[in-house]
Every structure is written in C-alpha cells, then in structure tokens.
Amino acid sequence: MVEGWRNGFREATNSKPLFVTIYATVIIGVLVSSFYVFSAIYSPTNGSTSWLSSPPLSTAGRIHKLPQDNATSQSLPVALPPPAPEEEAKGKSSLGKIWVSPPKDKKMPPLEAFKLTKELFGERVKDNVIIVTFGNYAFMDFILTWVKHLTDLDLSNILVGAMDTKLLEALYWKGVPVFDMGSHMSTVDVGWGSPTFHKMGREKVILIDSVLPFGYELLMCDTDMVWLKNPLPYLARYPDADVLTSSDQVVPTVVDDSLDIWQQVSGAYNIGIFHWRPSESAKKLAKEWKDILIADDKVWDQNGFNEIVRRQLGPSVDGDSGLFYAYDGNLKVGILPASIFCSGHTYFVQAMYQQLRLEPYALHTTFQYAGTEGKRHRLREGMVFFDPPEYYDAPGGFVSFKPSIPKSMLLDGNHTIESHFTLVNHQMKQIRSALAIASLLNRTLVMPPIWCRLDRLWFGHPGTLEGSMTRQPFICPLDHVFEVNIMLKEMPEEEFGPGIGIREYSFLDNPSLPKQVKESWLDVQLCQEGKEGCVASNITSSSGVLKYPKRSNEDTFKAIFSSFNDVKVIKFSSIEDAFTGFSDKGREERFRRRVKRYVGIWCCEENKTPGHIYYDMYWDEKPGWKPVPPQTPEEDHPPL
C-alpha cells in the first residue's frame, strides 16, 4: 500500500502542480483518518471516564459500590428532575450525570415535573436509544443495582419509572433519572402472580405503548435483571428488527453469539428483556397487546405477548440475520441467545456461557424459588448485587466452614433421586451444625456452596432438562434446597429462638468485602480430644491456627470463642461432629423449630402426583428415612 502511494506521488510530481496539491491533500487526509480510526479501536474506553474511574463490567462476578449520597433516601421531599442537556434529544452531547445528588436546599416542585413526556425522555436519549426499568419502593435495591451496572458500563441514557412517590423521592435524591408512572402503588413487595403483580405487568405495556410514538428505540427491562456487558452494539447489529426479545429457552440452538434459531426455540418469549424500535408494526403490536390486557385483568402480560406474537411465525426475513416475521406477517422479530442473555437457569444452573466460552450480556433471575429474597440471593451468589457497606461487616462477625464431601458421594454411581438426596442430606447435616454454632456465637453464617446431582423444576423430569447443558453434579443455588425467604424472615424469638443471619457462599470472595474483614481471620482446625495438642484452649499456633476438640458442648464453645469476639471471620476447616448441642433444652427445641422450616422440596419425580419430595433437616434421626413423595394428602406437608 505504501509503495503504491510512492508510485502515485512520483507520477504526480511529473504532472501539473494542481495534481501535486490534490495528491498531497488526499494522502494527508488518509493518514489523519487512519490515526483516528486506530485511536478509536485501541482506546481503552470510547466514553467519558466514569466518576469512579472503574473499569466497565464486561464479565460476571464483578461489583462496585455505589457512591455515598449526601442525603438520605427515606423521608425526603420530591425535587425537580435534572436539567435537560442543551443539545437535541438525539444525544450527541453528554447526558446529565448520574449519582450526583441535587443540593439539599432545592424546593419541592409539583409531581407534574416528573410526568412521562417526550421531552423528559428526550433529555436522557442518546443515539435515539433509551434504556428503561420500573418498579416500586420494595425493589429499590434491585433498581440501584440495575442502574449501577449500566453506569459502570458507561451508559447514561437510562430512566427509571417510579410506581410510588416514595421510590421517586429516593431515586431523585440519589441522582438517578426518574419519572412518575402515576401508578400510586403500594411500596411493599406485591408477590409474584398477585393481582397487583399483574397490574405491574399492565403498567409495563402501557408504558411501551406510550413511549414508542416518541420515536425512540426502547430497551425495556425488568428490575430483577442486571447488565454485565453493554448490549447496545449487539442490538445495533440487527437494525431491521422491530422487536428483539429474550426467552425462557433452556436448550442451546446456537453455540456462538448469533440470535437463537427461531424455529428451534420452544421456550416462551420472556418480556423481562426486550428491545423495541418505533416502527409501525411495533407500535401496532404494543397497542393491541395493551388493549388485550386492559380488557381482561386476568391475562398475564407475558402470556398475552406470546399469544399475539405467535399468531404467525415465519418465514425468515432472510437467510443470515436470524430475524423472522411474526404477529401480523410484517413484524420482524429476533430471539436473543439464551446463552448470553441469560435466564436464571442458563446462568446459575447450566453456566451455559462458561461452557461455550462466551461473555454474558445480561442476567435475569427467572427459574428461581423463594420469591424476591431468592432473586436477591441469586444475584448475591453471582457477586453482581449491590449491598450497602454494613452488609459486608455485620455486627458480631461471621462464621464459615469448609464442607466435607466424600468423592464417592459426589461423583460415583448414577444420578438418581436416592444419590441426590444422599449427597444433599450429608451437606445439610453439616449446615445444621453450622447454624447452631452461628446461633451460639451470635455470628452470621456464610453458607457453603451446595452440590446437587439433580436439577429442581416445577414438574416431573429425569434429573435434568433434556438437551440442556446442565452438568452433573453441579453447585446449585441455595433456593434449590433451602427456603431463602423463610431463612431471612423475622420469627418470634420466644417460639423460634434468636434469628440467624446468613450470607451467600461467595461472600468472602466478594471484592466489596472491606479490608477490616479480610484481615481479621481465625482458622479453626477440629481435632480429636486426647491427641497431642488437642485441648480446649484459646491459644493459637505460630501460624495463627486454633486447634479445637470435636464434640464440644455449649459451655466450651462460649468459653473459648469469647476470646475472639473482635475477630471478624472464624473459619472451621470442618464442621462435622463439632458441636454436641445446646445445654438449654428449651433453646435446643426453639432452634429445631426454626431450622426445620428452612428446608424446601425437590421437584419432581416423573409420573407421580404429587411428585415432590420434602427435604428434612433432621433426616438422620428417622431410621429408614427414604426420599419418596407424599403417599397420601395427609402426608403432604413439611416434616414435623
């Protein structure tokens, strides 16, 4: 290429001066353009430096703390939304900063200032795209997590719809762009499937129908999902798509980052993550969808969407893009690949993106149990949830342990209901001891990873979903075995004894763990009393390890570990046979009453009604215990 330029220049020097000028101008222009192209390609970031100067979240397993605002979020007045940028709404200028709290002396404006309008949306649009979620105050921490991931990705063209004024006030004072959805909903968790839950779904559809006429592209998200990688370049790869939707597909149809093959997708289209372009077909779909939901308040928003979109499926738009015609034959749809726009199953159970060596864009906490608490715990297990600093430095400190699992129990033999329960029960017994020790020492228990042989679903299955990439055994989410919502629920102490705090198994690996916790650690090695060096003592070895006799009672635990009240983390090398039980029989009974409620069910054995099997925290005290479904309606209840 350089030699060609030289030859051309030699020819030009033999020509008229005008041509010399032209050649020189062209060559200089090419060089300057090349410089800018290569600078853009190799620049570490194409956006402005974030307020944290922190790297974008490009893969799972990273989290950054939110800035500490200078105002509380609990009882502050509503204030004016951030001022509009000076340039047009197409977004060529930098948008207003996020996480910058307004001055405290701002006067409270009317709620009208936050009304959904084209102008308000236009203030946040960039490249004609707006990213939106919505919720009520009960989901405040989910919303903050959602916003923080996007700002870590250097994305600021975002808006949050507030379904109650308490959330609107709190977000405004934290510097989060917010608008009023006019829903006047309750501020509490409404519960999946409740009438209020369905009302939230209708609000989403009304919002889409209202925004599309503004002419902006809309990336609509549920609050129980997080962005792990900037999705906008991916969505821009399909400019002809009217709608790009995620799905509940659990069997891979592609092994790269192309759209899922629509003819092979059997799972429902999931409306927790979907991108709309303001085409006439998309606007027509949104209006009909809204009309269906308003006409019948019993229709679930996602079912309504699937019903009308699937009215016609196919043919393909072309042979390469993966788009297809749907709905009225004019709507062009694409299905985002479930391997990288992940559901709770493809991310936490299958780890499909890891197996295919792909980078995930999004994680949506579907396919989970234990309600909102289960969703929150899943995100914490993945270290992608924002928690305040006090979460990482609980009063009283933490206790953790290394589970002991025989290789044969984990790996040998077939994966059956019996081998699954043998494995889980073995771990459950250790967790029971750890919960007792945590209660005794008034510490928060860091739960261990739990290994499972079988998946958990809502219907009968052979152990895993056929065609999925679920590996056996696998580390299953805590909500597969334990009722996370019950573990976190406040119970009357006089009936259930003192509460026992828990943390996710990845807690001690979380980058948000503060220095004072990381550096305050006591390793405890259990030993057999009577052997050399194995005595109940608070004296540690030169390496800082405490040897502690197995089968110690309550008084011994209190006497020895009271010397370590200032230590943040006490870690047992093993927990088996560590504790003989509470000396106070009343406390023992209250503890048993509490932890019996902690465990859930496995579901479900094929061709059985009912097919679920209850886990039993005290299975080992029942000779001949077997994992079988309830045999009669009278037996269909948690173990007593």
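Mentor: Serine 400 sits in strand 13, residues 398-401. Strands here are DSSP runs of E, at least two residues; helices are runs of H or I, at least four; both are numbered from the N terminus. The model is predicted, so local features need pLDDT of at least 70 and side-chain atom pairs count only at pLDDT 80 or more, while totals for chains, interfaces and linings use all residues. Numbering starts from 1 along each chain as its sequence is written, and side-chain values use heavy atoms, without hydrogens or water.

Is serine 400 buried or exposed? Serine 400 is buried, because its relative accessible area is 4%. Buried means under 20%, exposed over 50%, and partly exposed in between (1.4 Å probe, protein chains only). Serine 400 touches Val446, Leu508, Val569, Ile570, Lys571 and Phe572, leaving aside residues up to four places away in sequence. A contact means heavy atoms within 4.5 Å.

Phe572 leads on to the largest nonpolar core. That core has 57 residues, and those touching the most other members are Leu435, Val481, Phe482, Phe561, Phe572, Tyr598 and Met617. Helix 14 (residues 417-441) gives the most to this core: twelve residues. Such a core is a set of buried Ala, Val, Leu, Ile, Met, Phe, Trp, Tyr and Cys residues joined through side-chain atoms within 4.5 Å. Take valine 481: beyond four places in sequence, its contacts are Val424, Met428, Ile450, Cys452, Cys476, Val599, Gly600 and Tyr615. Another core lies apart, with 48 residues, including Ile98, Val176, Met225 and Ile340.

Nine strands make an open, mixed sheet in the order 3-2-1-4-7-6-10-9-8. Strand 3 (178-180) and strand 8 (313-316) are the edges, each pairing on one side only. Two strands pair if DSSP finds at least two bridges between them. From one strand to the next, the twist averages 35°. Strand 1 (residues 129-135) runs parallel to strand 2 (residues 158-162), over five bridges. Phenylalanine 134 has glycine 161 of strand 2 as its bridge partner.

Helices pack on these strands. Helix 5 (residues 165-173) lies across strands 1, 2 and 3, at about 160° to strand 3. Helix 8 (residues 280-295) touches strand 6 (243-247), strand 7 (269-276) and strand 10 (331-335), and makes about 140° with strand 7. Axes are lines fitted to C-alpha atoms, for helices over the stretch in contact; angles run from 0 to 180 degrees between N-to-C directions.

Helix 12 (residues 371-381) is mostly covered, with nine of its eleven residues buried. Among its buried residues are Lys375, Arg376, Arg378 and Glu381. Their cover includes helix 4 (140-152), strand 5 (225-227) and helix 10 (344-349). Methionine 383 follows helix 12, with a positive phi near 55°.

Finally, the whole protein. There are 19 helices and 22 strands. Of 640 residues, 53% count as buried. Mean pLDDT is 86, and 82% of residues reach 70 or more. pLDDT is the predictor's confidence in each residue, from 0 to 100. Over residues 1-65 pLDDT stays under 50, and the model has 65 contacts for them beyond four places in sequence. Residues 67-93 are also below 50. Where pLDDT is low, the predicted coordinates should not be read in detail.
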